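Subject: Structure for your review

Dear colleague,

Please find below the structure I am handing over to you. I would be grateful if you could read the notes that follow with the coordinates open.

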Amino acid sequence: MTYNILISDPLSEDGIFPLREAEGFNIVVDTDLTPDQLAEKIGEFDALLVRSQTQVTREIIEKATNLKIIGRAGVGVDNIDLPAATERGIIVVNAPDGNTNSAAEHTIAMLMSLARKIPQAFHSLKNKKWDRKTYIGVEVKNKTLGVVGFGRIGQEVAVRAKGQRMNVIAYDPFLTPEKAEKLGVQFGTVEDVIKAADFITIHTPLLKETRHLINKDAFEKMKDGVQIINCARGGIIDEDALYDAILSGKVAGAALDVFEEEPFVEHKLLTLPQVIATPHLGASTVEAQEIVAIDVSYDVVSFLTEGVVKNPVNLSSVPKDILAKIEPYFNLVEQLGSFLSDLVEGPPEEINITYAGELSNFDTRPLSRNAVKGFLKSKLGESVNDVNAKFLADRLGISINELKTTNSKGFTSLITVEVKTATESRKVSGTLLNGLGGRIVRVDDFIVDVVPNGYLLFIRHKDQPGAIGRVGMLLAEEGVNIATMQVGRSEVGGDAIMMLTIDKHIEGKGVEKLKSLADIFDATPIDL
């Protein structure tokens with residue numbers, strides 16, 4: 001069988017060699033197609049490879065009568081209509097790992113340039129000044145590098161830093177002390193890292209939890225003279241707080257490749273001599289651009305010949321009769337996973353999804369992927385999707401198990417998601433109620449009835465008079481209005497929980513105040 005492949009954006013020959021080498025592949029390279037011309041030709045092709053130039057719209061996808069896979073040679077897929085592709089059963093793949101080495105090297109280059117004030121010295125020399133005293137730098141040997149975010153790029157940075165004989169302390173929500181020891185770095189919390197480090201480099205995704213993670217309070221906890229590198233995402237560092245910290249002398253220097261708003265050319269940070277910056281060049285190497293093309297080319301070959309892909313972005317279609325039965329539960333099961341991601345402390349080792357009642361009769365694998373996606377998304381960001389969720393879990397060493405039972409405890413169908421860590425096991429159950437939508441009906445061993453939406457507050461407390469009143473009074477002082485409250489208990493005077501729906505997110509200091517109240521064991525804000 002011959003497969004027809006269209007490459008509509010410029011890709012290097014080295015990047016597409018997997019396609020050239022595969023048998024039965026007819027490759028057409030046409031990088032000057034207008035949208036109308038692409039729509040006219042696309043029906044002939046089994047696969048389409050693009051970068052960022054080609055806009056793969058719904059109109060084009062509807063004309064793609066034979067198209068089976070779209071490959072994006074890069075990380076983002078903003079130029080591809082994912083819902084339209086999914087509806088047509090067309091799988092979309094990208095290359096999320098292709099820039100790992102490039103980004104790590106750029107981080108180290110920024111670190112060394114920052115330590116030795118290389119850009120500033122060069123600028124002075126260009127202005128015909130021979131000034132050695134102003135640009136005295138510091139050695140990185142025996143200094144401590146704090147790595148906030150220890151995924152692929154963070155680990156590559158650590159390897160290079162250790163080659164410079166730096167000490168490395170790292171934080172990541174999926175990092176354990178055992179893994180850290182195996183990788184030759186010190187394990188710590190975010191606070192441990194920022195307190196210990198002489199240099200701090202950021203490698204987390206931009207999430208609601210990580211936006212302005214490095215803020216005024218964080219700077220106050222750092223060593224005097226600390227130096228900051230961000231080649232990850234703009235917005236993780238509060239740029240105004242960084243500016244103030246540099247002026248005060250708390251921060252000796254900052255190297256920035258990414259910014260909250262880009263292009264970034266007029267911010268006051270760029271007026272400071274302690275700041276060096278580049279225009280988002282972390283992935284901008286010849287090799288990285290070739291690697292992403294190679295990755296998607298291999299995925300296209302693998303999918304068309306074996307039906308397997310490494311880096312899927314969207315969920316391929318399922319039979320319509322099965323989809324009609326399970327689709328109403330997609331949002332609920334993702335919310336159950338997301339709920340547990342806020343509730344569980346420590347790196348997960350196991351995620352178990354149990355289907356009871358009518359759902360036990362169907363292929364529920366798409367639902368399980370959604371549950372895992374919901375759990376991982378708050379830690380890893382928007383790059384997690386229905387299809388790659390299990391792949392990412394496997395890479396993180398998380399075991400995924402799907403169980404089925406007919407015992408639905410009185411519900412037509414019941415879904416229970418359980419997450420186990422080395423120290424605890426937490427679970428949440430949900431169902432759909434006719435005409436009322438999704439409900440959380442059990443948390444651990446406590447029965448509740450909560451709409452899984454908006455801002456929630458989960459509180460563990462002792463079943464004693466006054467506990468609920470003290471919580472209500474404190475939330476009133478914090479300006480947080482309670483919409484609903486559910487209370488569950490194991491026995492009179494024993495352990496109990498409160499599940500509150502509140503009108504706005506409660507800040508960290510308010511949570512700490514809640515935890516300090518009499519008879520309150522713990523309080524966790526949950527954003528669904």
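The notes below take up a sheet, a helix pair and a cavity in turn. Please bear in mind that this is a predicted model.

Seven strands form an open sheet in the order 8-7-6-9-10-11-12, and their pairing is parallel. Strand 8 (186-187) and strand 12 (275-277) are the edge strands; each has a single partner strand, so one side of each is left without a neighbour in the sheet. Helix 5 (residues 100-116) packs on this sheet, where it touches strand 6, strand 9 (199-202), strand 10 (226-230), strand 11 (251-256) and strand 12. The direction of helix 5 makes about 150 degrees with that of strand 10. Five bridges join strand 6 (residues 144-148) to strand 7 (residues 167-171) in the parallel sense, and Val148 stands opposite Tyr171 in strand 7.

The helix pair. Helix 15 (residues 365-380) packs against helix 16 (residues 388-395) at an angle of about 60 degrees, the axes being 8 Å apart. Their crossing is left-handed. Helix 15 contributes Arg369, Val372, Lys373, Leu376 and Leu380 to the contact, and helix 16 contributes Ala389, Leu392 and Ala393. Of these residues, six are nonpolar, two are charged and none is polar.

The cavity. The structure holds one cavity of 30 Å³ or more.

With kind regards

Conventions
Residues numbered from 1 in each chain as written. Predicted model: local features only at pLDDT ≥ 70, side-chain atom pairs only at ≥ 80, totals over all residues. Heavy atoms only, no water. Axes fitted to C-alpha atoms, helices over the stretch in contact; angles between N-to-C directions. Helix = DSSP H or I, 4+ residues; strand = E, 2+ residues; numbered from the N terminus. Left-handed = near helix turned anticlockwise from the far one by under 90°. Contact = heavy atoms within 4.5 Å. Nonpolar A, V, L, I, M, F, W, Y, C, P; charged D, E, K, R; others polar. Pairing = 2+ DSSP bridges. 1 Å grid on protein atoms, 1.4 Å probe; cavity = no way out; pocket = protein on both sides within 12 Å on 5 of 7 lines; lining within 4 Å. Points joined across faces, edges and corners; volume = space filled by probe spheres on them.
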